[in-house]
Amino acid sequence: MNKQMYDKKNVIAGIVIFAVLVSFPFWYNLGKAAPAPELVLTDAAKAAKECVMSKEEMKAGHMQLLDMWREKVVRESDRIYVSAKGKPYVMSLSNTCMDCHSNKAEFCDRCHNYSSVTPYCWDCHIDNPKAEVKNFKVSENSKEAK
Amino acid sequence: MENSRRDFLKIAGISALAVAGAEPVLNAFASEHGEEASKAAGFQKEEKALTAKQWAMVIDTRKFKSAKDLEPIIEVCHKIHNVPDFSKENKRHIIKWIWEEEYKHAFPGDASGFTDERIEHLPFLVLCNHCEEPPCVRACPTKATFKREDGIVLMDFHRCIGCRFCMAACPYGSRSFNFRDPRPFIEERNPQFPTRMKGVVEKCNFCAERLAAGQVPACVEASKGAIAFGDLYDPESEVRKLLKSNYTIRRKAGLGTGPTIYYIV
Ligand code: SF4
Ligand code: SF4
Ligand code: SF4
């Protein structure tokens with residue numbers, strides 16, 4: 001049987017262009033892996049020395065921990081977390097985590113941007129309550145009620 | 001064809017049995033690993049936390065003269081809970097946890113055509129009734145709204161998908177929907193309490209965050225004694241004492257939702 005390819009030149013050129021385009025992201029970024037982000041610890045975080053879990057556990061599992069905290073605080077009304085070392089912490093993203101890590105841009109964001117995740121914690125939780133809390137006051141007749 | 005189908009069914013059946021048989025083993029395996037992850041870590045209530053079987057309120061309306069008396073109470077609640085103010089923007093977007101209502105609207109079933117003058121003009125404070133049989137909880141498809149062990153009908157904002165079934169189910173209009181991002185409409189926010197986001201329903205939380213810290217709700221504190229708060233099932237509680245010695249009414253009690261906000265009129 002006589003096999004014949006019509007428009008051979010065009011077809012092959014087309015295939016080559018297609019292959020180049022598809023693999024473009026791979027060879028374009030070859031050897032240029034983005035450097036791992038460098039996180040900045042605030043003085044408060046440095047002074048505390050340890051987090052609620054070990055650094056490795058936090059790196060790998062802070063999202064699961066926060067999810068568990070949510071479950072406990074909201075549904076079971078437990079508000080205290082006792083760490084493996086026996087130290088109690090109030091389970092609160094804003095009031096505990098962000099109390100030390102008050103530098104969201106240099107701490108949370110750097111890693112989240114690097115790994116291209118956009119958690120929506122900050123749509124509701126306030127990222128640096130300490131900076132604001134001094135200015136927040138309720139009116140005279142309800143001063144106690146904070 | 002016939003044969004291979006039979007074989008398939010047989011194998012499927014046997015595998016199902018095998019999985020069912022292995023389940024306890026799998027569970028044991030999983031829990032062993034789960035425990036390892038949270039070795040000594042534990043969870044506790046705050047020591048000062050107030051607890052009850054069913055929190056309830058008694059509002060003594062005799063102690064309110066005009067709407068002015070209610071203002072500071074409403075203000076403190078909305079302020080500490082970062083409730084946005086849409087009143088200048090769009091009346092339909094207003095979000096309220098606690099507000100003022102006329103007798104005939106708060107108690108539509110009870111209003112006779114001729115209410116006495118004091119009651120007719122009396123401002124009633126209304127909020128979520130933290131019903132004992134809450135219809136909003138039944139309607140919520142995601143369990144974002146649920147009844148907590150202390151009787152509070154609470155919301156897990158993380159889980160709310162904004163379907164608003166709960167709003168349709170609540171006969172008291174206690175729930176509000178965030179049609180827009182509420183943040184720009186919070187004049188001065190309480191940094192220790194989260195805000196909400198667009199597409200989420202919200203309502204009074206009976207100050208769950210304050211109870212956890214051993215404080216009574218903010219509206220109770222700001223009411224200068226007009227609102228009592230306590231455990232409905234503790235005969236010695238303040239609310240029970242008031243209920244024993246005063247005639248009280250509840251909003252639309254005939255619907256069977258078991259509202260736990262009582263009004264002395
Ligand atoms: S008053 Fe409405 S929102 Fe509150 S518990 Fe009852 S039904 Fe639910
Ligand atoms: S709007 Fe939210 S809380 Fe209400 S029923 Fe839907 S998911 Fe549940
Ligand atoms: S109990 Fe708390 S959340 Fe509910 S109306 Fe009173 S102050 Fe607001």
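This is a predicted model: local features need pLDDT of at least 70, side-chain atom pairs count only at pLDDT 80 or more; totals for chains, interfaces and linings use all residues.

Reader: How many helices and strands does chain B have?

Author: Chain B has nine helices and eleven strands.

Reader: How does one read the radius of gyration of chain B?

Author: The value is set beside the one that the globule rule gives for the number of residues. For the 265 residues of chain B the rule gives 18 Å, whereas the chain has 24 Å, so chain B is more spread out than a compact globule. Its C-alpha atoms fill a box of roughly 85 × 45 × 40 Å along the principal axes.

Reader: What does the radius of gyration come to in chain A?

Author: Chain A has 26 Å, while a compact globule of 146 residues would have a value near 15 Å. The box filled by the C-alpha atoms of chain A, along the principal axes, is roughly 95 × 40 × 35 Å.

Reader: What share of contacts joins residues at least 24 apart in sequence?

Author: Here one takes the contacts between residues at least 6 apart in sequence. Of these, 54% in chain A join residues at least 24 apart, and in chain B the corresponding share is 66%.

Reader: Which residues touch the most other members of the largest nonpolar core?

Author: In soluble globular proteins, nonpolar side chains tend to be buried together. In this model the largest nonpolar core has 48 residues, and Met57(B), Leu125(B) and Phe206(B) touch the most other members. Helix 2 of chain B, residues 67-80, gives the largest share of this core, with six residues. A second, separate core of 15 residues includes Met58(A), Leu65(A), Cys108(A) and Trp122(A).

Reader: Which residues does Phe206(B) touch?

Author: Setting aside residues up to four places away in sequence, the residues touched by Phe206(B) include Trp55(B), Met57(B), Leu127(B), His130(B) and Phe229(B).

Reader: Is Val201(B) buried or exposed, and where is Val201(B) found?

Author: Val201(B) belongs to strand 8 of chain B, residues 201-202. Its relative accessible area is 0%, so Val201(B) is buried. Apart from neighbours within four places in sequence, Val201(B) is in contact with several residues, among them Met155(B), Phe157(B), Cys160(B), Arg175(B) and Phe177(B). Val201(B) and Phe165(B) are 36 residues apart in sequence, and their C-alpha atoms are 10.0 Å apart in space.

Reader: Which residues is Ala67(B) in contact with?

Author: Beyond its neighbours within four places in sequence, Ala67(B) is in contact with Glu100(B) and Pro123(B). Ala67(B) has its place in helix 2 of chain B and counts as partly exposed because its relative accessibility is 29%. From Ala67(B) to Glu101(B) the C-alpha distance is 9.5 Å, across 34 residues of sequence.

Reader: How does one read the phi of Ser116(A) and of Asn82(B)?

Author: Most residues other than glycine have a negative phi. Ser116(A) has a positive phi of about 55° although it is not a glycine, and Asn82(B) likewise has a positive phi of about 55°.

Reader: Where do Ser116(A) and Asn82(B) lie, and is each buried or exposed?

Author: Ser116(A) is in the loop between helix 5 (108-114) and helix 6 (129-133) of chain A. With a relative accessible area of 63%, Ser116(A) is exposed. Asn82(B) lies in the loop between helix 2 and strand 3 (98-101) of chain B, and is buried, with a relative accessible area of 1%.

Key
Residues are numbered from 1 along each chain as its sequence is written. Chains are lettered from A and ligands numbered from 1 in the order in which they are written. Side-chain values use heavy atoms; hydrogens and water are left out. The radius of gyration is taken over C-alpha atoms; the globule rule is 2.2 Å times the number of residues to the power 0.38. Contact means heavy atoms within 4.5 Å. A nonpolar core is a set of buried Ala, Val, Leu, Ile, Met, Phe, Trp, Tyr and Cys residues joined through side-chain atoms within 4.5 Å. Buried means under 20% relative accessible area, exposed over 50%, partly exposed in between (1.4 Å probe, protein chains only). Helices (H or I, at least four residues) and strands (E, at least two) are DSSP runs, numbered from the N terminus.
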